[in-house]
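Try each task before reading its solution.

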Amino acid sequence: MADIHIISKSKVQLPTSDFPPPGSTIELSFFDARISQFSFMQTVFLYPNATASPFSFNSFKSSLSLALLHFHPFVGDLTYLASSDDVAIVCSKDSGVIAIEAESDFDIQRLSNDITLDVEAFQQLVPIITSNDQLPMPVLSVQFTSFSGGGIAVGIASHHAVMDGRGLWQFIDCWAKTCHDGAVPSGLSPVHDRAVIAIPHKEETKKRILKFFAPNLPNLPKVNKPSSDPNPDHIQSTRFLTVHLSSVQLLKQRIVGEATVPISTPPTTFEALAAQFWIAVARAKGLTSEDITPTLLTMPMDCRALLDPPITTTYTGNCVRSIFVESNGTSLMASDGLSNTRAKIAEAISIAKKKPIGGTNMNDPAQDIMRSFKGLKVHIAGSPRFVAYEADFGWGKPHLHVRVPNLKFDGVYMNVGREEGTVQLTVVLQGGMDEFVRAFEEGFQP
């Protein structure tokens with residue numbers, strides 16, 4: 001059986017103990033507090049044609065140290081502050097990011113080209129930051145894996161309470177360019193200070209949400225794991241799908257053609273894909289046009305540009321809220337189901353944009369709603385705008401980018417695909433994958 005062998009572990013520290021603003025202790029925002037109990041985001045890049053040299057790992061670490069100068073909260077620990085009953089990111093002169101060097105006899109060509117994700121293999125390509133559920137807890141850890149038959153994998157584990165997807169991609173972009181060029185790219189201006197989020201009663205809101213999610217600090221609630229039920233209808237599987245934007249255009253044309261009332265704004269790529277995904281999952285799960293049982297879709301919305309005042313796109317902390325949309329089989333399976341579903345999604349996004357702070361997700365946090373909802377739950381993460389395939393550490397662009405799934409519900413992670421003009425969907429379902437793929441692809445037929 002293929003395996004991973006750890007060669008070394010070392011701590012990558014900042015070349016200086018002087019921490020730039022906002023200093024050595026970075027308070028969380030209420031956006032961060034909402035996901036303080038989440039597990040780590042696990043990201044893997046595969047470079048099957050790369051050749052590791054004796055100096056590759058040293059370059060990997062030295063460039064990481066330089067990049068972290070601009071992302072210093074990422075070297076810290078998520079820490080419970082007993083004096084204020086609060087949680088913050090705390091950095092010290094001893095802080096650092098654990099960097100692991102490993103080697104493997106996995107077949108990287110197979111991992112890079114399979115349409116089904118080998119979750120067990122990919123989980124070994126990402127470092128395990130901690131095995132406990134108690135603070136303090138590291139923010140970031142990385143792994144460099146070379147393969148016996150050639151090829152390199154870069155694995156990144158990052159705590160979601162410290163950064164959202166946009167923040168993580170800023171860091172990865174900086175680090176990859178630094179490793180590629182030997183110098184930090186010019187013009188960097190990441191913002192880490194949570195004070196830029198200016199809303200009334202933000203501290204009280206944060207404390208209330210933090211207490212809701214983690215009532216027994218410094219202990220964090222255990223994160224639910226995907227089902228291990230041996231029933232083949234319940235086993236979680238992951239599949240990669242690539243959708244060309246020309247196909248998305250056909251989907252948009254269907255939406256317009258099905259509409260029973262004039263459409264005021266053209267459907268976006270996200271709206272079209274989200275609607276088709278939801279319908280296909282519902283079909284795969286056996287929903288019919290006679291089924292009035294509610295089904296719930298949840299999706300993220302970046303609030304940076306929507307706050308008053310708006311905050312910069314280079315802000316690295318969490319600034320995302322959840323949007324909920326409810327439907328049923330009767331609506332999803334109707335002759336105008338695609339257009340109607342897209343309209344519901346677009347309306348929910350429009351309402352949330354007008355009131356990005358407040359609404360259901362602030363009073364009843366997203367995970368609680370998802371847990372308590374009894375019908376089919378579908379989750380969308382990522383964005384068709386995330387440029388995942390730009391991470392060139394000096395070995396060319398990756399052949400495959402993977403967000404290793406930790407979804408507890410049926411869902412999809414979206415990002416820009418490897419080929420120009422495509423979107424990559426990483427689909428995670430507990431049963432019904434083949435049925436889903438058939439239903440999803442049928443939606444793109446002219």
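**Exercise 1: Charges**

Task: How far apart are the mean positions of the positive and negative charges of the protein chain?

Solution: Take the 37 positive charges and the 44 negative charges of the protein chain. Their mean positions lie 5 Å apart. Keep in mind that this is a predicted model.

**Exercise 2: Confidence**

Task: Find the average pLDDT of the protein chain, then look for stretches below 50.

Solution: The average pLDDT is 90. A score of at least 70 is reached by 92% of the residues. Over residues 224-234, however, the pLDDT is below 50. Beyond near neighbours in sequence, that stretch has 16 contacts in the model. Residues 360-364 also have a pLDDT below 50. Their contacts beyond near neighbours in sequence number 13.

**Exercise 3: Overall form**

Solution: Next, the box: the C-alpha atoms fill roughly 65 × 55 × 45 Å along the principal axes. Then count the elements: 13 helices and 16 strands. Finally, burial: 53% of the 446 residues count as buried.

**Exercise 4: Two residues compared**

Task: Is I26 buried or exposed?

Solution: Begin with I26, which lies in strand β2 (residues 25-27). Its relative accessible area is 2%. Buried means under 20%, so I26 is buried. Now check its surroundings. V90 is 64 residues away along the chain, yet the C-alpha atoms of I26 and V90 are separated by 6.5 Å. Leaving aside neighbours within four places in sequence, I26 contacts several residues, including H72, A88, C91 and R194.

Turn to H201, in the loop between α5 (165-181) and α6 (202-213). H201 and S189 are 12 residues apart in sequence, and their C-alpha atoms are 28 Å apart in space.

**Exercise 5: A helix and its cover**

Task: Which residues of helix α13 are buried, and what covers them?

Solution: Helix α13 spans residues 433-442. Its buried residues are M433, F436, V437, A439 and F440. An α-helix has 3.6 residues a turn, so residues three or four places apart point the same way. The cover over the buried residues of α13 includes β10 (236-244), α8 (269-284) and β16 (422-430).

Definitions and conventions. Residues are numbered from 1 along each chain as its sequence is written. This is a predicted model: local features need pLDDT of at least 70, side-chain atom pairs count only at pLDDT 80 or more; totals for chains, interfaces and linings use all residues. Side-chain values use heavy atoms; hydrogens and water are left out. Helices (H or I, at least four residues) and strands (E, at least two) are DSSP runs, numbered from the N terminus. Buried means under 20% relative accessible area, exposed over 50%, partly exposed in between (1.4 Å probe, protein chains only). Lys and Arg count as positive and Asp and Glu as negative; His and the chain ends are not counted. The place of a charge is taken as NZ of Lys, CZ of Arg, CG of Asp or CD of Glu. pLDDT is the predictor's confidence in each residue, from 0 to 100. Contact means heavy atoms within 4.5 Å.
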